[in-house]
Amino acid sequence: MMNPRFRLTFALFYCSVACLATVVSARSARASDGEFTEIDRVDFERHVAGLLNRLGCSTGACHGSFQGRGGFKLALFGQDPERDYHAITRDSGGRRVDLVDPDRSLILRKAAAIVPHEGGRRIEKNSWEYRVIRSWIAQGARRRPEVGTVKKIDISPSEHVFERSGESIRLRVAVEFEDGSREDVSRFCVFQVKNESVAEIDATGRVVAKDAGSCAVVVSYRGAFAWARVIVPATDDRRDRRVARSKSFLNSDPLLFESENIVDREVAARLRKLRIEPSAPASDSEFLRRISIDAIGSLPSPEDVRAFLADESPNKRSAKVDELLYHPMHADLWASRFCDMTALDVEKLEVRPYLAQAYARVWRDWFRHRIAAGTPYDQIARGVLCATSRGEDDVKKWVEDETKRVSALGRNEPNDFATKPELDLFWMRNSTNGAIAIEPAAELIASSFLGVRIACAQCHRHPFDRWTRRDYRAFANIFAQVRTGRSIEADIAFGGLLERLRARSADGALPPTPAIREVFLSDDGESALADPDTDARLAPRALGGPDLSGRRDIRQAFCDRLVDPANPFFARNFVNRVWAYYFGVGLVDPVDGFSASNPPSNERLLDALAKKFSNDHYDILKLERTILTSRTYSLSSIPNDSNRFDRNDFSHALPRRPAAEAVLDMIADATGKAFDFDGDAPAGSRAIEVATNRPKNEGIARAFRTFGRPDRKTTCECERSNAAAIAQTLYLMTEPAILDRIKTGRLAKLLDSGASDDQAIDELFLATFSRFPSTDEKQAAVEAIERKNDRRAAFVDIFWALLNAREFSMNH
Amino acid sequence: MLGLGSFDRAKSKGFAAIESVAPAQSCGSAILIWLSGGPSTIDMWDPKPHAPESIRGDFTTIASAIPGVRLCEHLPQLARTLDRFTLIRSLTHEITAHDVGSVYIATGNRPSQAIEHPAIGALTARIVGPRSGIPPYIIINQLKDGVIDRAGYLGSAAGAFAIEGSPLRNALRAQGNSLPTDFSLSALGDRERLLKRFDRGLKGLDETDIGSGLSDFQRRAIDILRSDRVRRAIDLSNESPTTLERYGSTELGRGALAARRLIEAGARFVTLGFGGWDTHTANFEALRTNLLPTIDRALSALALDLESRGLLDDTLIYCLGEFGRTPIVNASAGRDHWSRTMSVLLAGGGFRRGYVHGATDDRCSAPTRDACSPDDLAATIVSAFGIDPHAAVASAAGRPIVPFRDGKTIDKLFD
C-alpha cells in the first residue's frame, strides 16, 4: 500500500485542480467602479480578505497555495484571517503596508503591478479595489477579530426568469455575520455561471441572459457559497412557430403538464418557465426498448416487441415497468450497480487469492439477494456500513459456521453468504496489521452513500465546499474501530475447532480447513486520526454532526444519523444516482459531486424525489416506479422546435450509450448467442452477472474496458464512462466474437428454418432495433440481397449493418 | 469552456509562445520505449568508472560522440550516435514499487486514490488529435495490463490501441484495426452502404452530441479499416534484410521498426514495452548478454532511421523505466530498486541534441545538478507537442483538471 504521507500529497494535487475555475473567473473580475460608494470604515476580514479572495490572490494557484508564492503566503480562500493579517502587516519586514504613505505599501504596488508582480496587474491604480485597500491602510491597517465570520449568506433573487435574451439583472449577495450585522458584500464575491451559453455574469453580479435554458449562478464570498437560478425562456417567435407546426405534427406531449406524477409535476413546472413543450411520447417500440435496456440491461426479443405492439391495454407501459422491476435480471443489474458503489475489487480483497473470484460472486449475490427480497435501501446501507463478521453470534458457533461457509465456497458448493445479515467483505481490504486504512474507506463511503467528495479536505479546507481538514479526519475516525483478521477470542475458538477436527479425524491429521478471517471492532484507538491543528484526540463525527463516541460500534451511531430523514444527503444521493441511471445524467452531475458549489439542475425535483423516497421507507422499487412510469421518462428522444437546445431540463429523452455489460448482453440478445465468461459466471450467464472487476476471459475484459466498465480502483472520480469512443465503433465492426455471432446465431437459425426474405428482414430489425423496418429500409435490404448472388452473405451484410447502426448501440 | 473538445492546438501554441514554456518548433508524434522492471541506468547511461567496484559494477566505459560523456562498453552504437540524443541524468523520485512507480513515470503525476491520471501518451494523443485512417495512440507489447497506457480521467475513449503478438515472428495483430481475413474490402463497401441507409432511421440523433460524435466515429472507423494502415504498418515482411538487420533480430528491434512504421502511417504516440529489467540477481549477465545489445541496436537504428527519413525533428523518442537501480551491487550480483537517480535517453522532437542534462554524485546515489521530477519530465514532453502543461483539460466527467500541476517544463532541454 501507499505511504500515507504520499497519499496526503496526492489528494492535494487533485484538489488544487478544482481551484482553477475560481482563478479563471477571478482573472476577469475587474469591476468598474461606476456605482461604487466608498466604505466609511474598511474592515480587514470583511473587505480586504474578501477582495484578496475575489482578485484571486488567496487561491491555490497563487498565494493561497501551501508554500505561498513569492514569499507571501495567504490562507486558502482567506480562511484564516488572523494568519493573513499577520502575513500582510508583519511579515516581510512590514513592507507590505506603509501606514505613513499608504501608496507605498507593497501590497498595493504589487497588486497594481507598479513593481514587478509574477501574478500580473490585479487592479488598476486608484480603482475602487485599490481605494478600499488604501483606505484600510490609511485608517491604521487594523483588524477587529472575528468580525468577518460568516453566519449566513443569501443571494437575491434566488431565482430569476428573464423575459428575453439580452436582458440583465443584478444579483445581490448579503451576508449575516456572527455578530448579527448584515452587509451587502456583492462587490467582494466571485460569481460563476454554470452554463455560459445560457447567461453571462460580470464581476459585479450582473447577469445577462443569452440563449434559452436554465442554469445556476454560484457565488462565493471568502469560501462561503450560495447559488441562484436564472432561466432564459425560449423566445416567443420560436414558440409561435412551434404552435403553427404542432397543428400539423403532434410533436409534443401536452399531457405531461397535467400529470400527477411528481417527476412530471416538477419537470413541467420548469418547462413552463422555459416556455417550451416536451417532445412527443416515444413510440411503443422505443419505450419497450428503452425500459428493457434500463431496467434489465437487455433487448426485448422479437416476440416481446410483437406482443407489446399488439397489446391494446391503455396501461401497458406501466404494466411493463412493473413486470421488469420484478424481473430477476433487474436484481442482477442492481447487484452490479452496488458492486460499483462499494468498489468491489478482487485485487484488494484480503482473502486467499484462489478464493478472490468466489468472494466477488458472494459479494455481488449479497446485494442481489436483497434487491430481489425488496430490502429497503437504508437497511442495505446499514448491512454494509456497520458490518462485522459475527454480529451478536456466539464466537464458537460463528467459527464453525464460517469455516463451513468458506470451505463450501472453496469447493464451489452452495453457501449462505448471500443471506448473512451483513456484508463484512466490504471491510476486508486496505489493512495494515489488521487495522483498515480509514481514509480511503471514509472517502469511498462519503462518495457512494453521501455523494460527497471529501478527498480535498484531507489536506485543506474543501475549495468548493464547506468541509475542513478537521471534518475530514473526524469523519474518518468513525471507522477507526474496524479491524480485519482474527480477534483474540475468534483465534482461540478457531484453535479449539482445529483441535476438535483433528481429534475427530480417523488418523489424527487435520482435514483441509480454510483459515477464516473476520471483521471486528477494537477500541485500542490506534488507527484514529488526530486533530490536524492541535494533534489532540479527535472525536468521530459525521460531516457537520455531533460527537458520535460512546456507542459500542460508532458506525451504528453514524448510520442512525445517516438514514435519518433529516439528513439531506442520504436520500438525495441515492435518488440522484437512480435518476442518472435512467436519464443518463444526474440532477447533480457528477453523481458524487454534491457540494455547496454544485447545485442540482432541478432542486425541487431532487427534493421531491428524496422526500418521497424517505417517506416510502427507502423502498427502491417504489422510487424506480415513480420515475419509470412518469411521462417524462416516456418522452421521445426526437426534439421539437421549442426544446431543441435543452440538455438538462428533460423536455426530451437524451440518447446515451448503455453500460458496458448491457452492450455485451444486447449483442448476445440480438445475435441469439451468449458469451462465455470462463467460470467468472456460470455457463449461459449474462455480462451483468459477472461480479469480478478482473474477468479471466481476455475478450470479455477487453470488451468491458472498451465500453467503460469501471475498474473500481479510485474512490473519488466517477469511473463508469458511458462516453462513446472510436475503439467501441471499431470493436463492434471487427471483433471476431461478434462477426461469428452474426453468422452462426439467430441469422443461421432463421435462414435454416426457411424464412422468406421478408420475414427474415423483419426479424433482424425486431431483434436489433426492436421495431419493424421502414419501407426504405426494407427496400435497402431487398436490394442488397438482389445484388449479391449469395443470399446468406447478403444477410450477413444486413445484420452487420444493423448491429453497427447507432440505433442499435444507443439507448434512445 | 475548458473542454478538450474546444482545445485549439494553434491557440495553445500561441499561448505557449507567449509564456515561453514550449519550443518554437513542436513535435507531432512520439515513441516511448518502456523498460519495464526498472533499468539499471548506472550500468548504461550514467556509469561511474571511478567508483569502487561494489558500485561501479562489472562494466567498463567507452567514449561517446559527445565529448567527455562516457557510456557503458556494451552500448557502442548508442555511444557512436549519442550526438543525436539528449540524455537526462538527474531524474529523481521516491517511489520504489513497480506498479506505483510505473504509474508515476507514465502519467507524470503521483498515483492517487482520488484520481487516476492518464498516461502521457493518452493525454497527448487526445489533445493533438488523430490523423485520418489510424488511431492516434497505440501500444505494442502491453506488458502490464493498462498500467503504463491508462486513459485515466480522460475515459476509456482515450485509451491506447493494443497491438498484440510477436514482432520478431512478424506476427503482430491489431485488434479492431483491420478487417479479419474473411471480411473483404468489397464486403465492407456493401455493409457501409447498408449502414448508411439503416442509420437514417433514428431522427434527431444527429442533433445530439453523442449521436453526431458516433457518426464521426463511424466514418473514421471505416477510414481506418479501409486504409488498412495499421495492418500494413505492422506487417514487416517487405522490409529489406538490411533494415531488419540494423534494428536487430529481437522483439524490441522489430517492435521499434513497427513503431516507426506506425508513426509514418500517422500515429501520434506509440508505446513499446520491453521487459526483463528487474535485475535483482545476475544484473550484469542479463545486461551484457541480452538487454544492452538489444537496446543499443534498436535505439540507435530507430534514431538514425527517423533521421534519414527526415522525421526525427518531428518525432520524439524517449526511453526509460519506472526507476533506476541501487548504486551498490547486492550479494546476488544484482541491483535493487532505486528511484533517487535514473537516466532517460531522448532523441528528436525538438530536444537539444548532444546535450546531457543534470548529473549525479560519484556514487550515482543522488542528483547533484538540475534535478528533475517525473512531473517535470512529463510537462516537458507535452510542451514539445506545443501543449501547455498547466492548461486544464476536461475529464470524462467534465471536470476541469490541470494535467501537470507540479511539473515545470525544463527549458534547457530545448534548443
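Modeller: Let's start with a helix crossing in this predicted model: α31(A) and α6(B) cross in the right-handed sense.

Biologist: What makes α31(A) oblique to α6(B)?

Modeller: Helix α31 (residues 791-804) of chain A packs on helix α6 (residues 185-198) of chain B at an angle of about 50 degrees, and their axes are 8 Å apart. Roughly parallel needs under 35 degrees and roughly perpendicular needs 65 to 115, so α31(A) counts as oblique to α6(B).

Biologist: How do you know which residues of α31(A) meet α6(B)?

Modeller: Residues are in contact if their C-beta atoms lie within 7 Å. On the α31(A) side that gives D797(A), I798(A), W800(A), A801(A), L802(A) and N804(A). Their partners in α6(B) are A187(B), D190(B), R191(B), L194(B), L195(B) and F198(B). By class, this contact has eight nonpolar, one polar and three charged residues.

Biologist: Now the open sheet of four strands in chain A. Why are β2 and β6 called edge strands?

Modeller: The order is β2-β10-β9-β6, with mixed pairing. β2 (159-161) and β6 (190-193) of chain A each pair on one side only, and they are the edge strands.

Biologist: How do you know that β2(A) and β10 of chain A pair?

Modeller: Two strands pair if there are at least two bridges between them. β2(A) and β10 (residues 224-232) have three bridges, in the parallel sense, so they count as paired. Within this pair, H160(A) stands opposite V230(A).

Technical notes:
Residues are numbered from 1 along each chain as its sequence is written. Chains are lettered from A and ligands numbered from 1 in the order in which they are written. This is a predicted model: local features need pLDDT of at least 70, side-chain atom pairs count only at pLDDT 80 or more; totals for chains, interfaces and linings use all residues. Helices (H or I, at least four residues) and strands (E, at least two) are DSSP runs, numbered from the N terminus. Axes are lines fitted to C-alpha atoms, for helices over the stretch in contact, and angles run from 0 to 180 degrees between N-to-C directions. Angles under 35 degrees count as roughly parallel, over 145 as roughly antiparallel, 65 to 115 as roughly perpendicular and the rest as oblique. A crossing is left-handed if the near helix is turned anticlockwise from the far one by less than a right angle, and right-handed if clockwise. Two residues are in contact if their C-beta atoms, placed from the backbone, lie within 7 Å. Ala, Val, Leu, Ile, Met, Phe, Trp, Tyr, Cys and Pro count as nonpolar, Asp, Glu, Lys and Arg as charged, and the others, Gly among them, as polar.
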